[in-house]
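Please keep the coordinates open while reading.

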Amino acid sequence: MNKPLVVNYRVVGGEYSQDYHSHHEYEIYFFHAGSCRYLVHNQIYDLEPGDILLMDGMILHKPNVNPHVDYIRSVIHFSPAWIKDVLGEMNGTYLLDVFRKLHHCLIRTKESYLSKNLEKMFFRLCELRNKSQPYNLHTEIEMKTLLLHILITIHNLGGISSFKKTKHKLDKEKHAENIASYIQDNYMKKLTICTISDTLNLSKSYVSHVFKEITGFTVMEYLMACRLNQVKYLLEAEDSKPLKEIASDCGFESACHFSRYFSKKVGMTPKRYRYLRLSKEKCI
């Protein structure tokens, strides 16, 4: 994603088979209706209408959606660099603390009055961002002002100390979260269903079944997504490190397998990805 602001309002359907993914932008996800179990890092959220998820985009995340039920949500992706000058002038950088410090959290609004106002702001921001004619400086100022109001409203819905936790989790959900946590801590090692099940004292069949049921994806798909996410980070963070070493550090068995997998999932070679990301960073 190369735009500083992307807004989608009340999107219906889609994302049924989306991979675990990450991105550099911060994300505000507003769930309106349907059935969605959202996996963010190692946390599983069973969403209710009015729920807001705030995510540092680099955290691995994926919705698990029932394709037989309407799935309606609004989403904002924004680059913190795009709005940091405005926030800095107003001493408002604390509004980004939830993304920078918590990395992800859930606000359960119960479709309150504030959340209804928030939805109106999503709609107006989407109108401005997606109108056909090129927008001018005035439009950009209005968009930044609206995003600022959205961040203030979210802050008012629940300060960092009072972000809501979900209800008591079922054993299956706890086990799926434990599996995700173990993979995130050990993705750089040679992992199999057997090693995971032995460590967590669960049967192999149960590990495979419960993770697929709760998250919608297999254990191995999640493992590879964790490795890919770390690769993307290291390609930028350690820009002089050879690709072969990055692949090895992230658990890929060979440089060839790493290159093929990366190209298939990202749509370009690791070398090209590193070049584009570093070039973009220099322009910010």
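Of the 284 residues of the protein, 48% count as buried, where buried means under 20% relative accessible area, exposed over 50%, and partly exposed in between (1.4 Å probe, protein chains only). The model is predicted: local features need pLDDT of at least 70, side-chain atom pairs count only at pLDDT 80 or more, and totals for chains, interfaces and linings use all residues. Residues are numbered from 1 along each chain as its sequence is written, and side-chain values use heavy atoms, with hydrogens and water left out.

The protein has 11 helices and 8 strands; these are DSSP runs numbered from the N terminus, with helices (H or I) of at least four residues and strands (E) of at least two. Taking contacts between residues at least 6 apart in sequence, 75% join residues at least 24 apart; a contact means heavy atoms within 4.5 Å.

Next, the sheet. An open, antiparallel sheet is built from 5 strands in the order β1-β7-β2-β5-β8, two strands being paired if DSSP finds at least two bridges between them. At its edges are β1 (5-12) and β8, each of which pairs on one side only. From one strand to the next the twist averages 10°, with axes fitted to C-alpha atoms and angles running from 0 to 180 degrees between N-to-C directions. Strand β5 (residues 51-56) pairs with β8 in the antiparallel sense over 5 bridges, and D51 stands opposite R108 in β8.

The loop between β8 (104-108) and α3 (113-130) holds T109. Is T109 buried or exposed? T109 counts as buried because its relative accessibility is 7%. Its side chain reaches the backbone oxygen of G50 at 2.7 Å, and a polar atom of that side chain lies 3.1 Å from the backbone nitrogen of E111. Such polar contacts are pairs of N or O atoms within 3.5 Å; within protein, one must be able to donate a hydrogen and the other to accept it, and residues adjacent in sequence count only if both atoms are side-chain atoms. Leaving aside neighbours within four places in sequence, T109 is in contact with G50, D51, I52, S115 and L157.

Last comes a helix. α10 (residues 255-266) has 12 residues and spans 16 Å from first C-alpha to last, close to the 16 Å expected at 1.5 Å a residue, the expected span being 1.5 Å times one less than the number of residues. F258, Y261 and F262 are buried in α10. Seen down the axis of α10, its buried residues fall within an arc of 100°, so they line one face of the helix; the arc is that of the directions from the helix axis to the C-beta atoms. On the face turned away from this buried side are the exposed residues C256, R260 and K264. After α10 comes G267, with a positive phi near 90°.
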